[in-house]
Amino acid sequence: MSHVIVRRLAMAPLLVVTVAAAVFFTARLLPGDPLERLVTEDTDPDFVPRLRRQMGLDRPAAVQFGMWLRGAVQGDWGESWISRRPVAALVAEALPNTLRLTVLAFAMRWTLAVIIGIAAALRHGRRSDWGLRTATLVVDALPAFVLGVLLQLVFAYGLQWLPADGMHALDAAGLDGFARWRDTLAHLCLPVLVLGIHHVATSARFVRAAVLEASTREHVLAARARGLSDRRVLLRHVLRNAMGPLVTLFALSLPGLVGGSLIVETLFSWPGMGRLTVGAAQAHDQPVLLAAVALVATLVVLSNLVADVVAAAVDPRQRREV
Amino acid sequence: MTLGPAGVRRHARWTLRTGAALLAVWSVVALLAPVLAPYDPTALGTLGADSYRAPGRTHPLGTDEFGRDVWSRVIWGARVSLLIGAGVALLASTLGAAVGLVAGARGGKVDGILMRAVDLMLAIPRAYLVLLVVGILRPSLPLLVIVLSATGWMQTARVVRAAVREIAAGPYVEAAHALGLPPWRILWRHILPNAAAPLVVSATAMVGQTILVENALAFLGMGVPVPTPSWGAMVEEGRKVFPGVWWVSVAPGVAIACTVLLCNLTGDALRDLLDPRAGESGGGA
Amino acid sequence: MTRPLLEVDALQVRFMTELGPAHAVDGVSFQLDAGEILGLVGESGCGKSVTARAILRLVEPAGAIVGGDVRFEGRSLLGLTPAELRAVRGKQIGMVFQDPVASLNPVLTCGDQLREVLKAHHTCTAAEAQERAIQLLRRVRLPDPERQAGSYPHQLSGGMCQRVALALALAGEPRLLIADEPTTALDVTVQAQLCELLLELQAETGLAILLISHDLGLVAGLAHRVAILYAGRIVEYAPTARIFSAPQHPYTRGLLRALPAIDAEPGVFAAIPGTVPHPAALPAYCRFHARCAERIARCEHEDPVRRAIGPEHDVACHVDLDPAPVAGRPGGGP
């Protein structure tokens, strides 16, 4: 089995380059001249052609990709057309903020999903199970930004229990110790809540399905017939067998860690990758946009790979089929 | 109270009828927006005097910053969203079905290449890809439909391919082949009708999904351009005046939720009836 | 006369189906003495598996036991608390199922599963449990037990899995074994081996076996007594020899006729026409009426009640048939 993993991992660099290429060529091959946006009435007529030459935009696309890729590997991702700051620095600031948000939301979502899912599976057929399914449909229909706006309205503007946006209070630098910690926590609350519960219902539904499927198998009945206690049957025979699909589901949602926070970051003015990308798109700031999308896409594809490997490793039955 | 398989079907039929009926009504209202809306959604009122009037008799959902009637804008927004949703579902389904048919029917290398492409595209987060394109070009309604379709056909392709492979391996296709029927005829008359069920289910699900994505983009300012009314954009605009003036954001927000809920309910019921295997257990995350 | 080991008394089990409530088991009564093998025979859908599961109350929550009683060693199993029931399962009454591979936990080794059950029923250390597990595997004639204890179910053949399942069922040293179609999923040669094993175990330990099967031939080779089940009711109940030599119920006769005989005309099959009625759509008169070759007018109005027509021979039928031998009976007997 280990050579399956090795083979998959060996594909990783190729995958990264392919994704980067896909993103790059999508950007470059779109019609229109990106630089013309920078032209205003009193721009020097030579400015744009000079800039074009400088940036290598007059070279064939394939060459441009090579240049860009080489620069990227060395850490040079160009400069923002708007702020003139190096893109790499912008990303280095933004990525950890995103991760802080998404990792917490992830933990919240899956903890809740597992609890709710198992509870619903155990109450299969009864009214509480049906209630969960309905709640799923309703919550799924609520887009993240509507949910976020509603929560903002109620908790931030209405009750004023939590701050409405940002990562720290404006005077956070002056705080220290517990007060500072509390301020960070307060700012994390709403965005994590929105991200966390946004897909809880769907995840819980999958957990429920996996547990239900595992509990209706014949060996569970046989275990009960052999006199094992309900708790033992649940833990060792039902959940143990539901682990496979559950871990797979969990791994499959990993990509969301990097790519799932666009809306929430914009809504709560959270300075992460999502807001960086949206800002770049709104301002038509190509270098930043390109780098951000390429990075996120690459990370997502890589985490998909990890998910596949984990899924293959989990089920002993699959270990045989190499 | 356990619902056996028969109970699920009965429940699904009821949900489908109710959901489809409500959706049809809403769609008609939306389509007839030019006729049914009490006010012109883009007509600017007198700034100041008409701005932010609370819901009342003349304006059931109040007015926004520019004195425009919120209820009219909501109906117009429904028109835009439902049209985009249906348009993308149609376009993406056609594209996905074509790819799925070819991949499933041809098999071998063609299948391998196509499915790798599908996997790759599925792996790249859709929102970011759309932002990339819309961030380089100027957002417009046709562009949105194209980009959303170009990033939304993959799941359909997978589903159709799976259905085609399942049927093509079946005995009666082999029989048709043995009888000397040309391949396209086999495809058209035997394989396609059987792939229809999962295709329809997939397409219906896409409407709701598309409405969500399209409004999320509008919220970010990358959706249909002003002055076309768009729910997502309305939600964004209304944030400025929280919490005193809440109706400008909440009304379109509720409209999105209800419309998507209707689409999802109808889609789920349709799936329970047409393709029950695609339901509860497992499936993609 | 000693008390029977197992008494099933007018048992009724109800399920909810698409067509409404159905009594899959509708007034089934039989007894099993210690050391005896009783065969419960019937087509698919006649309620035999449900009866088996109902004894250990494994039909809940999908099905409900709505009538009758099940007594083991004189004690009603239906009135037990969950804890008391668990003490019966595996320790007093063991069970093996039809699909051997499916009845084992795929993510645990055979040894793991054995040790688990052993520890649940006996107090022993891990080492003792391991030792006992291997002994059990040896007892069910599993080749190379030390190595197989570390195998996973998917690495074993069907026959071997069934032996492991048997070992698991016997781990608690029960007095009764319920075998629900134990050989149906196995090859014929493996079937024979498993039957031999069951007989050996019964001889060694005095185990009573409730053998559930649709295979009359299998039952002929193993059982002391046979109960024929149809549409949730027992239609004939007699010692094996009598069932084969002098079957009374038209259904039993039909089943025996349907067994292909080695000297019968090739291509001729004497199937019983029609199919088993749906449990939710049973007539108020004789349930076998529609398929019966011996029916009389009374059969369409009155549901036959089970009555004794000889020593230890019960039948539920209005018609008194000639106890003539039927063509095509299989050889062998207990």
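**A helix turn, an interface and some charged pairs**

In chain B, helix H10 (residues 231-239) holds both B:Arg239 and B:Glu236, which sit three residues apart, about one turn of the helix. This is a predicted model. The side chains of these two residues meet in a salt bridge, 3.4 Å from N to O.

Now move to chain C. Here the side chains of C:Asp9 and C:Arg71 form a salt bridge, again given as 3.4 Å from N to O. C:Asp9 belongs to strand E1 (residues 6-17) of chain C and C:Arg71 to strand E4 (residues 63-72) of chain C, so this pair ties together parts that are 62 residues apart in sequence. C:Asp9 is partly exposed, at 34% relative accessibility. C:Arg71 is partly exposed too, at 21% relative accessibility.

Another pair in chain C is C:Lys48 and C:Glu181. They form a salt bridge whose closest N and O atoms are 3.4 Å apart. Which parts of the chain does this pair tie together? C:Lys48 lies in helix H1 (residues 48-55) of chain C, while C:Glu181 lies in the loop between strand E7 (176-180) and helix H7 (188-205) of chain C, so the bridge ties together parts that are 133 residues apart in sequence. C:Lys48 is buried, with a relative accessible area of 5%. C:Glu181 is buried as well, with a relative accessible area of 6%. Back in chain B, salt bridges with shared partners link B:Asp64, B:Arg68, B:Arg73 and B:Glu237 into one network. Over all chains, the search of the whole structure finds 33 salt bridges.

Stay with chain C for a buried arginine. Where is C:Arg291 placed? The residue is in the loop between helix H10 (250-258) and strand E11 (307-310) of chain C. Its relative accessibility is 6%, so C:Arg291 counts as buried. The side chain of C:Arg291 makes a polar contact with the side chain of C:Tyr230, at 3.1 Å. A polar atom of the C:Arg291 side chain also lies 2.8 Å from the backbone oxygen of C:Pro273. What else touches C:Arg291, leaving aside neighbours within four places in sequence? The contacts are C:Glu43, C:Tyr230, C:Ile272, C:Pro273, C:Gly274, C:Thr275 and C:Val276.

Next comes chain A. Its secondary structure comes to 15 helices and zero strands. The chain has 322 residues, and buried residues make up 47% of them. Consider its contacts with a separation of 6 or more: 73% of them join residues 24 or more positions apart.

The size of an interface is often given as the accessible area lost when the parts come together. Between them, chain A and chain B bury about 4300 Å², with 75% of it on carbon and sulfur atoms. Counted by residue, 56 residues of chain A are in contact with 46 residues of chain B. How many salt bridges cross the interface of chain A and chain B? The rule finds zero. Polar contacts do occur there: four residue pairs, with both residues at pLDDT 80 or more.

A nonpolar patch of about 550 Å² is made by B:Val28, B:Leu31, B:Leu32, B:Val35, B:Leu36 and B:Leu83. Helix H1 (5-31) and helix H2 (33-36) of chain B each supply at least two residues of this patch. B:Leu31 is one of the patch residues and is placed in helix H1 of chain B. Its relative accessible area is 48%, so B:Leu31 is partly exposed. Patch residues need over 30% relative accessible area, and B:Leu31 has 48%.

How values were computed
Residues numbered from 1 in each chain as written. Chains lettered and ligands numbered in written order. Predicted model: local features only at pLDDT ≥ 70, side-chain atom pairs only at ≥ 80, totals over all residues. Heavy atoms only, no water. Patch = residues over 30% accessible without salt bridge, like charges linked within 9 Å, V, L, I, M, F, W, Y side chains within 5 Å. Areas by Shrake-Rupley, 256 points an atom, 1.4 Å probe, with all protein chains shown as cover. Salt bridge = Lys/Arg side-chain N within 4 Å of Asp/Glu carboxyl O. Helix = DSSP H or I, 4+ residues; strand = E, 2+ residues; numbered from the N terminus. Buried < 20%, exposed > 50% of the residue type's maximum accessible area, 1.4 Å probe, protein only. Contact = heavy atoms within 4.5 Å. Buried area = accessible area lost by both parts, 1.4 Å probe. Polar contact = N/O pair within 3.5 Å; in protein donor to acceptor, adjacent residues only side chain to side chain.
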